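This report goes through a structure one part at a time. Please keep the sequence and the 3D view at hand while reading.

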Amino acid sequence: MNLVQTSTCRILAEMEPMFHRLEDRARDMGLELSVWNADGLRVGEFEPNCEFCRTIHESGGGCMDRVHEIAARVSEDGSPVATCLSSGCSIVAVPIRKRRRIVGTVVACWPGRLWQDGEFVARRCDELHLDHQMLSTMACKTCDRNQQTCEELLSWLEWVVENEQALHVANNELATLSTNLSTTYEELSLLYSISGSMRVTQSPEAFLQAVCEEVREVMNLSAAAAVLNAHPPAVHEDTVVIAGDLGLTKEQVMLLAATQIMPMLAEKNNVVVENNFHWTANPELGKQVRNIVAMPLMGENTLGMLLAFNKESVDFNSVDIKLMNSIGNQATVFLTNNMLYADLQDLLMGVLHALTATIDAKDPYTCGHSNRVAIISKRLAESMGLSAQRVQQIYLAGLMHDIGKIGVPESVLCKPGRLTDEEYDAIKKHPGLGAKILGGIRQLDDVIAGILCHHERLDGRGYPQGLSGEEVPLDARIIGLADCFDAMSSDRTYRKALPLEAVVGEVQKCSGTQFDPEVVKHLLSWDLEAMLKELCQPAKTVFPIRIAQEGTV
Amino acid sequence: MSIKKILVADDEAHILHVVSMKLRNAGFEIITAVDGEEALELCISETPDLLITDFQMPFMTGLELCTQLRRQDATRDIPAMMLTARGFDIEAEEMEAAKISAVLAKPFSPREVLQKVNELLAPVGAEQA
């Protein structure tokens with residue numbers, strides 16, 4: 001069958017519900033309705049509704065060959081026909097048009113006036129070996145139509161077919177429009193939801209995973225994936241996220257991206273669309289991928305790529321590509337911002353560590369103290385269930401709690417023996433000095449209280465303000481305990497480190513007077529020996545904050 | 001200046017509606033076709049000032065349609081613009097051979113279509129005037 005024939009047949013098949021409606025109406029009027037395609041072939045089985053027609057047909061007196069001829073002629077030249085057949089039946093045939101094309105013919109037949117002629121009936125009944133009386137009764141119900149009603153019937157049929165056809169077209173268009181509208185809404189809402197979910201603080205993996213899930217759903221894919229190239233400090237190594245079921249592991253996707261897609265992207269310097277995909281290096285695994293769109297994520301350098309796999313039942317088209325492009329652009333903005341954010345965060349931490357290192361450098365015995373207090377404080381805060389933001393704030397306050405010591409003379413700080421009252425007064429100034437030094441940094445406002453008050457005590461005998469009980473901020477109570485715990489468990493200028501049991505005893509003794517019993521409870525619930533061992537390790541393996549990356553400082 | 005006649009050919013009803021409405025509102029006379037054959041017949045009988053066609057259509061693709069137009073004197077100079085979801089399937093040489101003046105990838109903005117139409121129908125040398 002050629003292209004034109006298949007297309008007209010498809011059009012005719014789509015109209016089936018319309019023919020069923022017509023058939024019902026025709027039956028009420030005593031008409032036998034049949035549909036013929038553009039080649040003059042009958043559509044569907046021959047099952048006459050009309051008892052008369054069925055009886056004649058079964059007895060071998062049917063006139064289908066004639067009807068076929070007429071239908072073929074109408075389909076050919078497009079002019080409607082109304083005629084009487086020698087078999088005694090009358091027929092009207094009108095073409096079915098789709099725009100300018102004739103896609104088939106509708107034929108209505110009924111027993112003609114000849115069946116009222118007794119002589120004709122007798123002859124036909126003899127030919128067909130049928131009962132004369134029975135056939136006359138059947139025929140007389142419907143055969144009372146003259147030439148004029150025949151003409152009217154023809155114009156009625158034409159009108160009905162035309163109207164039904166218009167209705168069919170309108171319904172189809174409405175359905176397509178609605179489908180398209182709903183697809184467009186989904187695409188729009190995908191773009192809205194992606195731009196709405198771009199929080200710079202979330203990890204690139206989490207963001208891309210969410211994006212891939214959405215893309216897979218909206219674009220009707222079996223899977224969507226993102227390959228993320230390493231770009232420290234935000235992403236430490238090449239990463240793959242996959243949404244949906246692809247039949248390939250992350251490593252295989254990584255391999256596919258590196259060996260085949262990357263070179264294609266580099267060559268085209270643009271999106272790659274393959275509706276007949278073959279993985280040259282690995283044809284067996286490549287079978288999992290039927291079609292693919294690869295969208296590069298290009299910042300200043302290549303950040304990675306978005307991959308759409310196996311669009312269901314159809315090929316990727318330009319609508320998919322534009323959508324992928326837009327999502328790719330948004331993902332690039334997110335990744336770039338995320339990198340900048342991670343870079344700034346890294347720089348800030350680097351600067352703060354450098355600052356505290358200057359204190360530790362003044363007194364080799366306190367080396368690493370600031371870092372350890374920061375870590376212990378952070379763990380206490382986490383164990384007490386504080387928010388991530390608060391934990392970070394307490395970590396920073398712990399890190400810089402002794403920053404004010406920069407203003408205390410070295411002779412006092414490093415004095416091995418007992419301090420005089422004056423020397424002790426100089427030491428007591430360090431929390432206030434620290435608060436003053438950092439006071440100019442707006443972003444560190446929340447951190448100041450922890451630094452200023454870390455030598456306050458619950459019983460009010462601390463310094464510099466002599467606060468008591470609830471007046472001492474929680475941050476400072478946490479850092480205060482971490483500070484004393486670390487001081488006791490490490491060597492000092494004036495003494496050796498205390499054994500762990502002695503430290504624990506001292507902490508318990510001072511719980512409620514110097515320390516907050518609630519915080520003490522959390523500290524003592526841990527495996528302290530393991531923690532002390534861990535804290536002896538070089539700082540960066542304990543807490544993954546590295547000194548700023550190459551080239552930024 | 002007489003009203004310009006544009007033939008829009010696409011088998012997708014929504015594209016036909018959207019483009020026709022935009023251009024009709026902009027003062028153009030619009031005729032439509034739903035397949036390549038119908039579009040070819042209309043190009044011959046109506047000789048529109050511009051043809052806007054889809055690529056994938058029943059009976060005859062947009063590219064075949066344009067190629068056919070170039071073979072006949074009456075239709076040889078009708079400028080053609082293609083609206084397609086398969087732009088990446090058409091080679092630059094094929095475009096050149098069929099003298100397709102512009103290609104817009106779906107989904108396109110109707111404003112963009114109107115702008116392109118105005119560009120294509122602008123009298124030669126209008127910029128200097």
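Leu307(A) touches Ala224(A), Ala225(A), Ala226(A), Val227(A), Ile292(A) and Ala294(A), leaving aside residues up to four places away in sequence. Touching, or being in contact, means that the C-beta atoms of two residues, placed from the backbone, lie within 7 Å. The model is predicted: local features need pLDDT of at least 70 and side-chain atom pairs count only at pLDDT 80 or more, while totals for chains, interfaces and linings use all residues. Residues are numbered from 1 along each chain as its sequence is written, and chains are lettered from A and ligands numbered from 1 in the order in which they are written.

Leu307(A) and Ala225(A) have the most contacts inside the largest nonpolar core, a group of 52 residues. Such a core is a set of buried Ala, Val, Leu, Ile, Met, Phe, Trp, Tyr and Cys residues joined through C-beta atoms within 7 Å. A residue is buried if 20 or more other C-beta atoms lie within 10 Å of its own, exposed if 12 or fewer, and partly exposed in between, with C-beta atoms placed from the backbone. Helix 11 of chain A gives the most to this core, nine residues. Helices (H or I, at least four residues) and strands (E, at least two) are DSSP runs, numbered from the N terminus.

## A covered helix

In helix 18 of chain A, 11 of the 15 residues are buried. Among them are Ile478(A), Leu481(A) and Phe485(A). The cover includes helix 12, helix 13, helix 17, helix 19 and helix 20 of chain A.

## The sheet of chain B

Chain B has five helices and five strands, in the pattern β-α-β-α-β-α-β-α-β-α along the sequence. Its strands form an open sheet in the order 2-1-3-4-5, with parallel pairing; two strands pair if DSSP finds at least two bridges between them. Strand 2 and strand 5 of chain B each have a single partner strand, so one side of each has no neighbour in the sheet.

Strand 1 and strand 3 of chain B run parallel and are joined by four bridges. Ile6(B) stands opposite Leu50(B) of strand 3.

## Where the chains meet

In the contact between the chains, 15 residues of chain B meet 14 residues of chain A.
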